[in-house]
Amino acid sequence: MPKEKIPLGAFPFIYPMPTVILGSEVDGKPAFITVSFIGIVQQSPPMVSVSLVNNHLTNKGIKQNQTFSINIPHTKMLAKTDFVGMNSGAIINKSSLFEVFYGKLENAPMIKEAPLNLECKLVEVLHPGDQTELFIGEIIQTYSSKKYLNKGYPDIRKLDPILFSITSKDYYKTGRKIGAAWKTGLRISSSRYRNK
Ligand SMILES: Cc1cc2nc3c(=O)[nH]c(=O)nc-3n(C[C@H](O)[C@H](O)[C@H](O)COP(=O)(O)O)c2cc1C
């Protein structure tokens with residue numbers, strides 16, 4: 001191990017963490033939960049994974065209806081996003097916090113003011129540990145508005161998503177563009193590193 005490296009312990013430090021609001025319906029009413037432990041499973045068919053602690057109210061809703069939505073909030077929605085992550089629907093009625101709309105699935109409420117919405121059908125529930133349920137969902141449709149798009153696709157600067165630092169418990173904004181994917185790497189000569 002290099003001298004300057006300090007073992008910090010085993011933690012899921014993936015930086016930066018996204019901050020999304022998952023929508024579901026619990027007993028026929030919209031329910032929302034703030035989630036950072038979310039990832040892309042694969043591109044085709046498009047699937048996401050969401051890791052939720054067992055005892056959240058949301059888990060019940062996802063299992064009841066086999067559907068959920070992922071809503072990407074912009075920084076102007078920060079207070080509401082944090083509020084949703086601080087209060088369980090078992091105690092606080094979060095159902096009227098947002099104006100919702102529905103797509104093809106009848107019980108995956110999506111947040112109108114969120115720049116980007118992913119409508120998901122539950123594929124599988126995994127139990128990686130005693131306290132966690134990992135929900136795998138297939139994205140059946142995505143929704144946005146013209147003002148958030150560039151050439152028909154979501155533009156990160158227009159979306160203005162919220163980033164999360166779990167260790168300091170702070171929220172951040174995205175910074176400036178620093179390169180182009182599959183282009184910046186061309187600065188390194190591949191012939192120099194080719195397998196012999
Ligand atoms: C920034 C942030 C990120 C969070 N990420 C997760 C997460 O990935 N998984 C999880 O189970 N809870 C997460 N939480 C906690 C839940 O959002 C919170 O416990 C919520 O009140 C549960 O709501 P419910 O009981 O209505 O489902 C997060 C909270 C915050 C503030």
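Start at the ligand, with Asn 87. One of its backbone N or O atoms lies 3.0 Å from an oxygen atom of the ligand. Keep in mind that this is a predicted model. Thr 34 also uses its backbone here: an N or O atom lies 2.8 Å from a ligand oxygen. Thr 58 brings its side chain instead, with a polar atom 2.6 Å from an oxygen of the ligand.

How many residues surround the ligand? The count is 20. The closest are Thr 34, Phe 37, Thr 58, Ser 88 and Gly 89.

Thr 58 belongs to the buried residues of helix 1, which spans residues 57-65. How do they sit around the axis? Seen down the axis of helix 1, they fall within an arc of 165 degrees, so they line one face of the helix. An α-helix has 3.6 residues a turn, so residues three or four places apart point the same way.

What does that face pack against? The buried residues of helix 1 pack against strands: strand 2, strand 3, strand 5, strand 6, strand 9 and strand 10. After the helix comes Gln 66. Its phi is positive, near 65 degrees.

Next residue, next element. Thr 67 is found in strand 6, residues 67-72. Is Thr 67 buried or exposed? Its relative accessibility is 5%, and buried means under 20%, so Thr 67 counts as buried. Leaving out residues up to four places away in sequence, Thr 67 touches Ser 24, Ile 62, Leu 105, Asn 107, Ala 108, Cys 120 and Leu 122. Note Ile 62 in that list.

On to the core. The largest nonpolar core has 20 residues. Which ones have the most contacts inside it? They are Leu 22, Val 35, Val 50, Phe 68 and Ile 70. Strand 2 (20-26), strand 3 (29-35), strand 5 (47-53), strand 6, strand 9 (116-129) and strand 10 (132-144) each supply at least two residues. The largest share, 4 residues, comes from strand 9. A second, separate core has 7 residues, including Phe 32, Val 84, Phe 98 and Ile 111.

Which order do its strands take? There are 3 strands, in the order 1-13-14, and the pairing is antiparallel. The edge strands are strand 1 (17-18) and strand 14 (170-172), and each pairs on one side only. Strand 13, residues 163-165, pairs with strand 14 over 3 bridges. Leu 163 stands opposite Tyr 172 of strand 14.

Last, the whole protein. The secondary structure comes to 4 helices and 14 strands. The C-alpha atoms fill a box of roughly 60 × 45 × 35 Å along the principal axes. Of the 196 residues, 36% count as buried. Among contacts between residues at least 6 apart in sequence, 59% join residues at least 24 apart.

Terms used
Residues are numbered from 1 along each chain as its sequence is written. This is a predicted model: local features need pLDDT of at least 70, side-chain atom pairs count only at pLDDT 80 or more; totals for chains, interfaces and linings use all residues. Side-chain values use heavy atoms; hydrogens and water are left out. Buried means under 20% relative accessible area, exposed over 50%, partly exposed in between (1.4 Å probe, protein chains only). Contact means heavy atoms within 4.5 Å. A nonpolar core is a set of buried Ala, Val, Leu, Ile, Met, Phe, Trp, Tyr and Cys residues joined through side-chain atoms within 4.5 Å. The arc is that of the directions from the helix axis to the C-beta atoms. Two strands pair if DSSP finds at least two bridges between them. A residue is near a molecule or strand if one of its heavy atoms lies within 4 Å of it. A polar contact is a pair of N or O atoms within 3.5 Å; within protein, one must be able to donate a hydrogen and the other to accept it, and residues adjacent in sequence count only if both atoms are side-chain atoms.
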